[in-house]
Amino acid sequence: MPHQAGEKGTRRPLSRWRVEGEGGAANPRRMRATGRVPKVEVTQSMHQPVSTPRFSIYYDYKVFPFQPPPELRGEQVRHPVTIVGAGPIGLVAALELARFGIPSVILTAERQVSEGSRALAYTRRSMEILQQVGVAERIARDGLPWQYGISFFRGEPVFHMDMGHDDDDRFFPATNLQQQYLEQYLIEQIEANPLVELRWASRVIGIDGHDDDGVTLRVDTPEGEYALRADWVIAADGARSTLRQALGLRMVGDSYQGRFVIADIRVKLPFETRRRAYFDPSWNPGNTVLMHRAPHDIWRIDYQLPAGETPEQALSRESLFARINEQLAMVGQAGVEWELDWCSVYSAYAMTLTDYVHGRIIFAGDAAHMLPIFGVRGANTGFQDANNLGWKLALVHRGLAPRALLDTYSHERVAAAQEIVDEAGKSTRFMTPPTRGFRLLRDAVLSLTLTQPFVRPLLHWRTSRPHDYVTSPLNTRGDDDAMFEAGPRKGAVLRNIRLGEDDFLFDHLPAGFLVLDFCEDPAVAPEVVDVVQRWRDRGLPLSIVAVRRQPGEVACADLTIAAGGTSMFDKYGANGLPAVYLVRPDQHVAARWRSVSGEGLDQALRTAMGAGSKEQCS
Ligand SMILES: Cc1cc2nc3c(=O)[nH]c(=O)nc-3n(C[C@H](O)[C@H](O)[C@H](O)COP(=O)(O)OP(=O)(O)OC[C@H]3O[C@@H](n4cnc5c(N)ncnc54)[C@H](O)[C@@H]3O)c2cc1C
């Protein structure tokens, strides 16, 4: 039964409440982190993850079975790639690898999807990545799209944020959907994919061996332990990464003083979907409250703990209920019925490893970086890791590219995380001022916004966005990038374009490298076709996409886009002049020219596959 505000009780039994840190998952076993290849002594009995469904008032948790793998029967199996962790990033990484034909085994300690809504808001770029692995349509169908934010200071609206959305965007700047659904959709996609095997209740407890040839993991299961051998391991085992600890790796960056309660309640509120931030609210003076709407009438309320309060105190029933009622009263909804689904406490971190590739173990997602969730950075940053890593690991594993290509994964993604760490410092200090001085300054800015419009943009903390790899060693030097006045620059991600009523450029792009050829010719230049064919013969996934104003097939193109009445020529800087883009499999531009020779394209492909990267990454 729902509860009247202020009533006692919740459907969630108090005994099951627990205070969580980032990552949410149960504590991994403590490991010795003494060296590069520690041998972990096993002291616990067989791993038995929780097998009763987690509590939720809107989501039905499914408990997946443990299926004994061949290794437990004594069979020796060698896997090309093993992914540790079935959170959003491990799951997307597996599907990315599968797009390039690489099989993988995912190991996860749990038997269910994540507890609580966690990564609630997916950015447009995340949706574009999720489209490539086949789940964006379901998320868009079930999620709540949004574009705007509103900030209040002492009850007065002071700033309206617009994240921008135009006719060429298939996806809104953000789509809200609870993380359980995202994971479920990815798992269903994986279950339908013969290249991915997902092993539930399989906790990695250590590294038995790690050399230039591969990695041997020790895995604990309900039926005992086994050793698993893989050529490559992706560590996507979350913020408390067992593998990060096993390798003794430390993150750099900051952790911030402010702690937040996160509470998901079911309540009917008459507000549309947008981010609502309340600075210095009457019931929580000096602190900040955020509200986000999610499907199934769930509202997430995040509020900062008053200084000196412990997480246990903050999650006590009296405190939680009183504060939620105060917030509801403050937004004009006193007395409304609501019920609690999930609550937790989190701290704001902005930290990253300085290198994501350690021998044959490669870090991604929260295992690689811990980022503040203001600006929805956690999962959204991780999707870009998986998108960047998938094709690179596939090409290296297939012997098509040198190992140095993997160093560029680290080079590009550490730079992206570092940029977020630097920016996050500003937004986090605004949200949770660490000192009296910061608070005075913050409040002065907020006070001024009531009368001075020029101050208002200071309230706009940046949301997650794709990182432009402008300094990437994979970019070709000496191309014609500087001659373009429009279009995605070298290192940037492609721009989606509306081609019809429910038809967009990104709906059509094949997996692999792309040559985007803009001109009026009825055929692709023969020297381009020759180079493309030679690389394909070696096994490289590479397609020619011809963009023309007129409809009709273009000779030697794999795909022709009839861009006649669209803005595509303008938006790619090809209005009146020809243009050729070389695009990486993660949709970032590696080079662009006004016209390209066969030799120029061949060299750019070599560069984009890591030739010459070693020196630049070291
Ligand atoms: C309270 C809270 C609120 C959040 N809100 C947001 C938000 O609004 N927006 C946002 O973008 N992000 C948010 N996040 C962050 C977001 O949830 C994470 O960034 C995201 O889940 C990272 O995905 P991941 O796959 O890297 O790690 P996780 O989702 O943590 O997954 C880790 C996986 O590894 C498995 N695992 C761990 N150890 C082992 C082991 N030893 N052996 C085998 N498997 C193991 C776990 O079972 C799990 O499957 C929030 C996080 C929390 C805790």
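Figure 1. Helix H11 (residues 526-537) lies across strands S22 and S23, and its direction runs at about 150 degrees to that of S23. As in every view described here, what is shown belongs to a predicted model. Strand S22 (residues 513-518) and strand S23 (residues 542-548) run parallel and are joined by 6 bridges, and within this pairing Phe513 has Leu542 of S23 as its bridge partner. Both strands belong to an open sheet of 5 strands, arranged in the order S24-S23-S22-S25-S26 with mixed pairing. At the edges of this sheet stand strand S24 (559-562) and strand S26 (589-593), each of which pairs on one side only. From one strand to the next, the twist averages 20 degrees.

**Figure 2. Strand S1 and its two parallel partners.** Strand S1 (residues 78-84) is largely enclosed by the rest of the structure, because 5 of its 7 residues are buried. With strand S11 (residues 224-235), S1 pairs in the parallel sense over 6 bridges, and here Val84 has Ala235 as its bridge partner in S11. S1 also runs parallel to strand S2 (residues 104-107), to which 4 bridges join it, and in this pairing Thr82 stands opposite Val105 of S2. Together with helix H1 (residues 88-99), the strands S1 and S2 make a β-α-β unit that is right-handed.

Figure 3. Three strands form an open sheet in the order S3-S7-S4, and their pairing is antiparallel. Strand S3 (121-123) and strand S4 (144-146) are the edge strands, each pairing on one side only. The twist in this sheet averages 30 degrees from one strand to the next. Helix H2 (residues 124-132) packs on the sheet, where it touches S3 and S7, and the direction of H2 makes about 80 degrees with that of S3.

**Figure 4. Strand S5 between S6 and S13.** Strand S5 is joined to S6 by 6 bridges, the two strands running antiparallel, whereas S5 and strand S13 (residues 275-279) pair in the parallel sense over 5 bridges. Ile150 takes part in both pairings: its bridge partner in S6 is His160, and its bridge partner in S13 is Arg276. S5 has a covered face made up of Gly149, Ser151 and Phe153, and an uncovered face made up of Tyr148, Ile150 and Phe152.

**Figure 5. Two loop residues with positive phi.** Most residues other than glycine have a negative phi, and this view shows two exceptions. Arg154, which is not a glycine, has a positive phi of about 50 degrees, and it is placed in the loop between strand S5 (148-153) and strand S6 (156-162). The hairpin formed by S5 and S6 has 2 residues between the strands. Arg154 has 15 other C-beta atoms within 10 Å and is therefore partly exposed. Ala201, likewise not a glycine, has a positive phi of about 55 degrees, and its place is in the loop between strand S8 (196-199) and strand S9 (203-211). Because Ala201 has 25 C-beta neighbours inside 10 Å, this residue counts as buried.

**Figure 6. The surroundings of Ile362 in the largest nonpolar core.** The largest nonpolar core holds 175 residues, of which Ala93, Ile362 and Ala364 touch the most other members. This core draws at least three residues from each of domain 1 (35-67 + 77-146 + 163-252 + 350-421) and domain 2 (481-617). When neighbours within four places in sequence are left aside, Ile362 is in contact with Trp232, Ile234, Ala235, Tyr356, Val357, Leu389 and Leu406. Ala235, listed among these contacts, is also the residue of S11 that is the bridge partner of Val84. For the protein as a whole, 52% of the 618 residues count as buried, and the secondary structure comes to 14 helices and 26 strands. Among contacts between residues at least 6 apart in sequence, 74% join residues at least 24 apart.

Conventions. Residues numbered from 1 in each chain as written. Predicted model: local features only at pLDDT ≥ 70, side-chain atom pairs only at ≥ 80, totals over all residues. Buried ≥ 20, exposed ≤ 12 C-beta atoms within 10 Å, placed from the backbone. Pairing = 2+ DSSP bridges. Right-handed = clockwise from strand over helix to strand, strands pointing away. Axes fitted to C-alpha atoms, helices over the stretch in contact; angles between N-to-C directions. Contact = placed C-beta atoms within 7 Å. Core = buried A, V, L, I, M, F, W, Y, C linked by C-beta atoms within 7 Å. Domains from an automatic or database assignment.
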